Amino acid sequence: MTFEGLAAIISVVSVLSGIALGWMGRARTVRQDIVQQASTDTNLKVDVEYIKRGVDDIRAEQRSQGKEIEKLAERVTRVEESSKQAHKRLDRIDASGE
């Protein structure tokens, strides 16, 4: 085997190893990108679920406040009716006392 043949073999082996190393590096980068994207997607899903739960809590609280407002409106109506009757009685007392 001559020096030129040995150099040619070394060149071919070098090119093949360069291609293999480049391919493995690219595959590794793709796997890392997939892992990073999956992590990002998971974080987004968790954040969306947290927001959904917050919105559900706000809706439940809003319903509860609506019910409380209805109760207060009912009580105010009763108080207004009661005060109207009290004023009528006072007017009758004033009219009979004069």
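View 1. Valine 15 lies in helix 1, where helices (H or I, at least four residues) and strands (E, at least two) are DSSP runs numbered from the N terminus. The model is predicted: local features need pLDDT of at least 70, side-chain atom pairs count only at pLDDT 80 or more, and totals for chains, interfaces and linings use all residues. Residues are numbered from 1 along each chain as its sequence is written, and side-chain values use heavy atoms, with hydrogens and water left out. Val12, Val15, Leu16 and Ile19 form a nonpolar surface patch with about 380 Å² of accessible area together. Patches consist of residues with over 30% relative accessible area and no salt bridge; like charges are joined within 9 Å and nonpolar side chains (Val, Leu, Ile, Met, Phe, Trp, Tyr) within 5 Å. Accessible areas come from the Shrake-Rupley method with a 1.4 Å probe, and for residues only the protein chains shown count as cover.

**View 2. Salt bridge between glutamate 49 and lysine 52.** The two side chains meet in a salt bridge at 3.7 Å, N to O; the criterion is a side-chain nitrogen of Lys or Arg within 4 Å of a carboxyl oxygen of Asp or Glu. Because glutamate 49 and lysine 52 are 3 residues apart in helix 1, about one helical turn separates them. Glutamate 49 is partly exposed at 39% relative accessibility, and lysine 52 is partly exposed at 47%. Buried denotes under 20% relative accessible area, exposed over 50%, and partly exposed in between (1.4 Å probe, protein chains only).

**View 3. Salt bridge between glutamate 74 and arginine 78.** The closest N and O atoms of this pair are 2.5 Å apart. Glutamate 74 and arginine 78 are 4 residues apart in helix 1, so they are separated by about one helical turn. The structure holds 3 salt bridges.

**View 4. Alanine 73 within helix 1.** Alanine 73 is placed in helix 1, which spans residues 3-97. With 42% relative accessibility, alanine 73 counts as partly exposed. Its C-alpha atom is separated by 49 Å from that of threonine 40, 33 residues away along the chain.

**View 5. Positive patch at lysine 84.** Lys84, Lys88, Arg89 and Arg92 gather in a surface patch of positive charge. Lysine 84 belongs to helix 1 and counts as exposed because its relative accessibility is 53%.

Conventions
Lys and Arg count as positive and Asp and Glu as negative; His and the chain ends are not counted. The place of a charge is taken as NZ of Lys, CZ of Arg, CG of Asp or CD of Glu.
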